[in-house]
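Here are some notes to read alongside the coordinates. Have the model open and step through the points in order.

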Amino acid sequence: MSKNHRILDLLRRGRTPLENHLIDGLVDGRISRREFVRHGSLLGLSLPLLGRIGMAAGFGAAPSLARAGAPGATIRVGSSVPAAAIDPVTIADAGGLLVMQQVAEFLCVDGPDLVLKPALAESWSPNTDGTVWTFKLRKGVRFHSGGEMKAEDVVASIDRLADPANSSNALSVFSGILQKGATKKVDDYTVEFHLDAPNGNFPYMVSSDNYNAVIIPASYKGGYEQSFDGTGPFKLEKYTPKVGASFVRNDDYWGDKALPDRTEFTFFTDIQPQILALQGGQIDIINQMPVLAGVAVLNDPNVDVISLKSSAHQQLHMHCDEGPTKDARVRRAIALCLDREKLAAGLMKGRSALGNDSPFAPVYPSTNTSVPQRKQDIAQAKQLMEAAGAGKGFKMTLTTERYLEIPEYAQLIQNWVKEIGIELELNILDQSAYYGDAVFGKSNWLDSAMGITDYGHRGVPNVYLAAPLKSDGTWNAAHFKNKDYDQMAASYIAALDLEAQKATAGKIQKLLLEETPVIFGYFYDYLTATAKGVTGVQPTAMSQLFLEKASKA
């Protein structure tokens, strides 16, 4: 299709310079349509408007949505057991956040394509430097308990999460970005977020990407399991800790009514019983299925597997301030031992993307793809070891968690580094022993000289760039301290423009390849398994499961 400049000019009217620069990038071919839609949604442009601009720029119509299925089903889900009492402020595990998300909603939703879609907020926009973001709330939304959702509920919900006194799990997102008291009511349906510093990706911090950021009544005082109060398309029917939960359609929902009459969640302590229950017809969905444990399901003709590209990964950190990995040449040598193609094809059965030793996963539009991919090179690794005075090798302990495919990953690394004289002893712990109190001095994760840690998916790389890599990062297990890096990370986080983000990302990627405090070997796909005939299921790589459009044949 050819460009329609007359319509483009009409669509540009009233747009900010930042928005028009993004449109220029699409028209001139500097950014792809996918990048345009995703970044436009971040800036608060509506999806219909983005679609019209795409058509006027010569890209044709966006693909139409799938047809809705039949109403009335009971959808049965297998999930991990919630690890603690369900509370929006503190919830941190997949089983717990999955149950909470069935009833409570976010200001906006980060979809599998990383495009932000309006939910409780209808629109949002930044000021000129990205220090204040204004959100317009949807009118007529009611909590299950009866009251209308208004600005004071949003202010109270976010203030709870930003308050250090509450030990909120969301402090990993909000620390240094948004303080308690900085979320302000403008009127009943308008909220402003006044940030500590410019932040070009802020809407993701209050979307489903931050799974604690559900909006609940301002009057909330705790005891969420007694009420499960929210605004969502389902309402609680029954919750039994450690056993399961069931929900029924909310007929007073503000949006399209849910197709299923009921949803049922059964909690399992292990993946194998979930696989047997799916194959035996006792459940319809496994929310998350690891690759290695689920090989039999991947080839089962009675099962469909939904595979989402994600930024989830296993970080291999190495101490940068002491021991044999103090020298960056040794860290680069270890990274050069990994055969990433074998990791993706063998260990991950083709369900992953190659990592290039930075948080910039292929799924991110801001990842700079001009930076060359690191490949296995044993000869160069040996040269680096010699240059660092470590040519004879050394012994070291690799500490990690028994989770997903991490133990097998650790064994592969152990075998690969033998080629350059490194003898690794593996110390594989259960998750509670590995994470400990999750603070320095009381955590095998944060205190080990070398360790592998699972990091769940995020729609933008901000948390990965800050917590494990900045000099003052709360999860800096590598003890990496680099002023140039800190400045680059702050510059990336502040950037509102996609092309500026890409330029800074390229600098960060090159610096991290040189320093290699953390090895990012691969980014794994998020897998959800459904029985044949079950349609309309929408998982996210954050372990959420949207079931309002689900049906059975």
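A polar contact here is a pair of N or O atoms within 3.5 Å; within protein, one atom must be able to donate a hydrogen and the other to accept it, and residues adjacent in sequence count only if both atoms are side-chain atoms. Helices (H or I, at least four residues) and strands (E, at least two) are DSSP runs, numbered from the N terminus. This is a predicted model, in which local features need pLDDT of at least 70 and side-chain atom pairs count only at pLDDT 80 or more, while totals for chains, interfaces and linings use all residues. Residues are numbered from 1 along each chain as its sequence is written, and side-chain values use heavy atoms, with hydrogens and water left out.

1. Start with the cap on α11. Asp327 caps the N-terminal end of this helix, with a side-chain oxygen 2.8 Å from the backbone nitrogen of Arg329.

2. How many of the 10 residues of α11 are buried? Buried means under 20% relative accessible area, exposed over 50%, and partly exposed in between (1.4 Å probe, protein chains only). The count for α11 (residues 328-337) is 9, so the helix is largely enclosed by the rest of the structure.

3. Ala388 is in the loop between α13 and β15 (394-401) and is partly exposed, with a relative accessible area of 23%. From Ala388 to Leu354 is 34 residues in sequence and 27 Å in space, C-alpha to C-alpha.

4. On to the aromatics. Rings of Phe, Tyr and Trp (its six-membered ring) pair if their centres lie within 6.5 Å; planes under 30 degrees apart count as stacked, over 60 as edge-to-face and the rest as tilted. By this rule there are 19 aromatic pairs. One of them is Phe135 with Phe193, edge-to-face at 5.3 Å centre to centre and 85° between the planes. This pair links distant parts of the chain, 58 residues apart: Phe135 sits in strand β5 (residues 132-137) and Phe193 in strand β7 (residues 190-194). Both Phe135 and Phe193 are buried.

5. Phe228 and Phe247 make another edge-to-face pair, 6.4 Å centre to centre with 75° between the planes. They too link distant parts of the chain, 19 residues apart, with Phe228 in the loop between α8 (224-227) and β8 (234-240) and Phe247 in strand β9 (residues 244-249). Phe228 is buried at a relative accessible area of 1%, and Phe247 is buried at 0%. Both residues belong to one aromatic cluster together with Tyr220, Tyr224, Tyr239, Phe265 and Phe267.

6. Have a look at the backbone too. Most residues other than glycine have a negative phi, and most peptide bonds are trans. Phe228 has a positive phi, near 45°. Asp357 also has a positive phi, about 65°, although it is not a glycine. Asp357 lies in the loop between β14 (352-354) and α13 (378-387) and is buried, with a relative accessible area of 1%.

7. Now a helix pair. Two packed helices are described by the angle between their axes and the distance between the axes. Helix α3 (residues 33-42) packs on helix α4 (residues 47-56) at about 145°, with the axes 10 Å apart; axes are lines fitted to C-alpha atoms, for helices over the stretch in contact, and angles run from 0 to 180 degrees between N-to-C directions. Phe36, Val37, Gly40 and Ser41 in α3 meet Leu47, Leu50 and Ile53 in α4.

8. Two serines to finish. Ser123, in strand β4 (residues 121-126), is partly exposed at 27% relative accessibility. Not counting residues up to four places away in sequence, Ser123 touches Thr134, Phe135 and Lys136. Ser123 and Ser46 are 77 residues apart in sequence and 7.5 Å apart in space, C-alpha to C-alpha. Ser208, in the loop between β7 and α8, is buried with a relative accessible area of 0%. With residues up to four places away in sequence left out, Ser208 touches Phe106, Cys108, Val109, Asp110, Met542 and Gln544.

Terms used:
Contact means heavy atoms within 4.5 Å.
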